Amino acid sequence: MTGAADFPVLHAIRLGGFSSSAQVGERAMLPGPTAEEALRGLERKSLVEFVEFAGSGGWVLTEHGRGRDAALHADEMSVPGVRQLVEEGAAEFERVNPRMVRTVTEWQLATPAGRVAARGRTVAELDELYLELDELIVRLVPAVPRYGRYPRQFGAAAARARDGIDDAIAGVGTLSCHTVWAELHQDFVSGLGRERR
């Protein structure tokens, strides 16, 4: 793995934080053995390290890795036409974002009984948000294919929510709808050099 080929794995850790090899593979859209091989290569270059915490292990970026990720992200954004597409995608995202924030906040604040009553409404809202997300990302994918993972993973989480899996809505440590949405938000703002609002 050299040069720009490092970016998908580095950025997967940057967005996910403390992540298992499987989680890195999911975010980087790489099969398990390929992700593991890539991580070991980055470890040899002191860009990532595997750390133990609270009885579990995960990958994190080193300081050198954080700098490398930022430089490669800047390289991606410097490709002609990419910044404009990302700016347009981010603007559409900000238009839709308040709906997602409201949906997740209402779900998180609901009592167990309230969640039972709100489940159908919450899932229906997530399905609509998925369609909007897919529409805004589809224009980005030809230029930056890695963005394709966001609607795919959000849609998969929404499907799990329809099957009655509560963690798929706003669970932590899993690719829930909330997690995928938050990572896309961070991806947009870091690429454009902005702060999350």
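Biologist: What makes the side chains of Glu 183 and Arg 27 a salt bridge?

Modeller: This is a predicted model, so the values are computed from it. The N to O distance between Glu 183 and Arg 27 is 2.6 Å. The cut-off is 4 Å between a side-chain nitrogen of Lys or Arg and a carboxyl oxygen of Asp or Glu, so the pair qualifies. Glu 183 belongs to helix H9 (residues 177-191) and Arg 27 to helix H2 (residues 21-28), so the bridge ties together parts that are 156 residues apart in sequence.

Biologist: Why is Glu 183 called buried?

Modeller: The relative accessible area of Glu 183 is 5%. Buried means under 20%, so Glu 183 is buried. Arg 27 has 11% relative accessibility and therefore also counts as buried.

Biologist: What does Gln 153 contact, leaving aside its neighbours within four places in sequence?

Modeller: Gln 153 is in contact with Glu 26, Arg 27, Leu 175 and Val 180. Gln 153 lies in helix H7 (residues 149-162). With a relative accessible area of 5%, against a limit of 20%, Gln 153 is buried.

Biologist: Which residue forms a salt bridge with Asp 6, and how do you know?

Modeller: The partner is Lys 45, with the closest N and O atoms 3.2 Å apart. That is within 4 Å, so the pair is called a salt bridge. Asp 6 sits in the segment before helix H1 (7-16), and Lys 45 in the loop between helix H3 (32-44) and strand S1 (48-53), so parts that are 39 residues apart in sequence are tied together.

Biologist: Where do Glu 36 and Arg 40 lie?

Modeller: Both are in helix H3, four residues apart, about one turn of the helix.

Biologist: How many salt bridges does the rule give?

Modeller: The count comes to 16. A network of salt bridges links Glu 92, Arg 95, Arg 99, Arg 102, Glu 125, Glu 128 and Glu 132.

Conventions. Residues numbered from 1 in each chain as written. Predicted model: local features only at pLDDT ≥ 70, side-chain atom pairs only at ≥ 80, totals over all residues. Heavy atoms only, no water. Helix = DSSP H or I, 4+ residues; strand = E, 2+ residues; numbered from the N terminus. Buried < 20%, exposed > 50% of the residue type's maximum accessible area, 1.4 Å probe, protein only. Contact = heavy atoms within 4.5 Å.
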